[in-house]
Amino acid sequence: MGGDVITHAVQGLISAVTPVSISSLSKDIVLLIREDHDRVRSLYEQYKMPGTTAMQKRQLAWNIIREVSLHSTKEEEVVYPALRDVLGDLTPDHLLAEHQELKELLSLLDSSDVSDPNFDGRLQDIME
C-alpha cells in the first residue's frame, strides 16, 4: 500500500514542525496508520496461504476491501488535510489521484468473485 510514503511524510513533519504535545498526538496517528497496514498485510498473507478455501478467500478479500477503504478514508479526511495545513500547496496531489485509482480498483474487486481469473492480480495490485 502506498501509505508507507505517507507514514514517512508524517514522521518527517512531526520532527520538523510540531511542538512536543502535538508531536505525541501525531505519533499516535502514525502508529494507527502502521497498525492499519499491518492488519491488511496480515489478511493478505492469510488469503495467499495454500489451502485457503474459496469461501475463506471471499471473506478475507471482503475484509481487505473494507480495511483498505476505511484506511484510505482516514488518510483523505485526517492526514492529507493536516499535511496541506502545514505544507500548503506542497502537499502531493498525486496522493489523492492514487487514492482515486485505488477506489476504482476496490470497486472493481468488490463487484468480482474470487473465481474470476483476474481477481488475485487485482488484489495484488491493491497490496502494492
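## Terms and model

Rings of Phe, Tyr and Trp (its six-membered ring) pair if their centres lie within 6.5 Å; planes under 30 degrees apart count as stacked, over 60 as edge-to-face and the rest as tilted. This definition is used below for the aromatic residues.

The structure is a predicted model, in which local features need pLDDT of at least 70 and side-chain atom pairs count only at pLDDT 80 or more, while totals for chains, interfaces and linings use all residues. Residues are numbered from 1 along each chain as its sequence is written, and side-chain values use heavy atoms, with hydrogens and water left out.

## Confidence

The predictor's confidence in each residue is called pLDDT and runs from 0 to 100. The protein chain has an average pLDDT of 80, and 76% of its residues score at least 70.

Over residues 13-22 pLDDT stays under 50. For this stretch the model has 10 contacts beyond four places in sequence, where contact means heavy atoms within 4.5 Å. Where pLDDT is low, the predicted coordinates should not be read in detail.

## Overall fold

The protein chain has five helices and zero strands. Helices (H or I, at least four residues) and strands (E, at least two) are DSSP runs, numbered from the N terminus. The order of the elements from the N terminus on is α-α-α-α-α.

Of the 128 residues in the protein chain, 35% are buried. Buried means under 20% relative accessible area, exposed over 50%, and partly exposed in between (1.4 Å probe, protein chains only). Among the contacts with a separation of 6 or more, 62% are between residues 24 or more positions apart.

How many aromatic pairs does a search of the whole structure find? The search finds two. In one of them, the ring centres of Tyr-44 and Tyr-47 are 6.4 Å apart and the planes stand at 10°, so this pair is stacked. Both residues lie in helix α2 (residues 20-48), three residues apart, which is about one turn of the helix. Tyr-44 is buried at a relative accessible area of 11%, and Tyr-47 is buried at 3%.

Tyr-47 also forms an aromatic pair with Phe-119, and this pair is tilted, with 6.4 Å centre to centre and 35° between the planes. The pair links distant parts of the chain, since Tyr-47 is in helix α2 and Phe-119 in helix α5, 72 residues apart. Phe-119 is buried, with a relative accessibility of 2%.

## His-71 and Asp-36

His-71 is in helix α3 (residues 54-87) and is buried, with a relative accessible area of 4%. Which side chains does His-71 join by polar contacts? The side chain of His-71 makes a polar contact of 2.8 Å with that of Asp-36, and another of 2.8 Å with that of Glu-75. A polar contact is a pair of N or O atoms within 3.5 Å; within protein, one must be able to donate a hydrogen and the other to accept it, and residues adjacent in sequence count only if both atoms are side-chain atoms.

Asp-36 is placed in helix α2 and is buried, at a relative accessible area of 5%. Not counting residues up to four places away in sequence, Asp-36 touches His-71 and Lys-74. Asp-36 and Leu-70 are 34 residues apart in sequence, and their C-alpha atoms are 9.1 Å apart in space.

The buried residues Phe-119, Arg-122, Leu-123, Ile-126 and Met-127 are in α5. They lie on the same side of α5, because they cover an arc of only 145° around the axis. The arc is that of the directions from the helix axis to the C-beta atoms.

Ser-112 lies in the loop between α4 (94-110) and α5. Leaving out residues up to four places away in sequence, Ser-112 touches Phe-119 and Arg-122. The side chains of Ser-112 and Arg-122 make a polar contact of 3.2 Å. Ser-112 and Arg-58 are 54 residues apart along the chain, and their C-alpha atoms are separated by 9.9 Å.
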